[in-house]
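Dear colleague,

Please find below the structure that I promised to hand over. My notes on its salt bridges follow it.

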Amino acid sequence: MSDVIDSDGFRANVGIVLMHGEGEVFLGRRSGGRGWQFPQGGVRAGEQLEDAVYRELHEEIGVSRTDVELVGQTSRWLRYRLPARYIRRNQHPVCIGQKQRWFLLRLKRAEVEFDFGQTPEPEFDRWRWASFWEPVKEVIYFKRFVYTRALIELAPFAFPGGQPPFPEWWDAVTSTEHEKKSSTPASID
């Protein structure tokens with residue numbers, strides 16, 4: 001099966017926010033020290049979104065469906081465009097970015113073993129627990145808008161009694177001026 005790329009050039013993708021305890025989230029370092037991000041991955045042709053979530057969770061960090069509970073998901077696709085240097089023009093159809101549905105999962109138990117060796121080319125080589133908003137600051141610049149939108153939409157599921165306050169750096173990192181500098185517009189469906 002192959003990943004699904006729509007007629008606009010956006011690859012269908014699922015993003016995973018994995019929580020434990022009082023709201024910390026899993027953050028993985030991309031192999032080779034290429035930045036920090038949430039687990040995510042493409043949706044295969046004919047695959048249901050939830051099935052893609054559990055497949056990616058297992059492939060990228062070695063956690064199974066029985067280790068987590070599904071707490072919530074974004075209501076629509078969130079999109080980002082890839083900077084020109086990341087577009088592989090020799091692949092067809094050409095993928096210009098990703099459209100993602102985000103899922104909030106909570107670990108059912110306090111301790112779990114992460115295993116990055118489920119695939120020949122592991123996505124991550126390290127991990128850490130981070131405060132709920134921190135991934136917005138840590139992710140590569142062209143994904144920040146999507147991370148911001150996903151976490152804001154998932155926060156009521158994560159914190160039914162009220163979300164944690166935004167950190168002091170929030171406005172500087174999520175400002176529209178910062179978004180303009182990236183020259184990679186993002187949108188929601």
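Asp51 is partly exposed, with a relative accessible area of 38%; here, buried means under 20% relative accessible area, exposed over 50%, and partly exposed in between (1.4 Å probe, protein chains only). Arg65 is also partly exposed, at 43%. The side chains of these two residues, Asp51 and Arg65, form a salt bridge with an N to O distance of 3.7 Å. The pair ties together parts 14 residues apart in sequence, because Asp51 lies in helix H1 (residues 49-61) and Arg65 in the loop between H1 and strand E5 (68-73). Helices (H or I, at least four residues) and strands (E, at least two) are DSSP runs, numbered from the N terminus.

Please note that this is a predicted model: local features need pLDDT of at least 70, side-chain atom pairs count only at pLDDT 80 or more, and totals for chains, interfaces and linings use all residues. Residues are numbered from 1 along each chain as its sequence is written, and side-chain values use heavy atoms, leaving out hydrogens and water.

A salt bridge is a side-chain nitrogen of Lys or Arg within 4 Å of a carboxyl oxygen of Asp or Glu. The search of the whole structure finds twelve. One of them joins Arg29 and Asp125, whose closest N and O atoms are 2.8 Å apart. This pair links distant parts of the chain, 96 residues apart: Arg29 is in strand E2 (residues 24-30) and Asp125 in strand E8 (residues 124-130). Arg29 is buried, at 18%, whereas Asp125 is partly exposed, at 33%.

Yours sincerely
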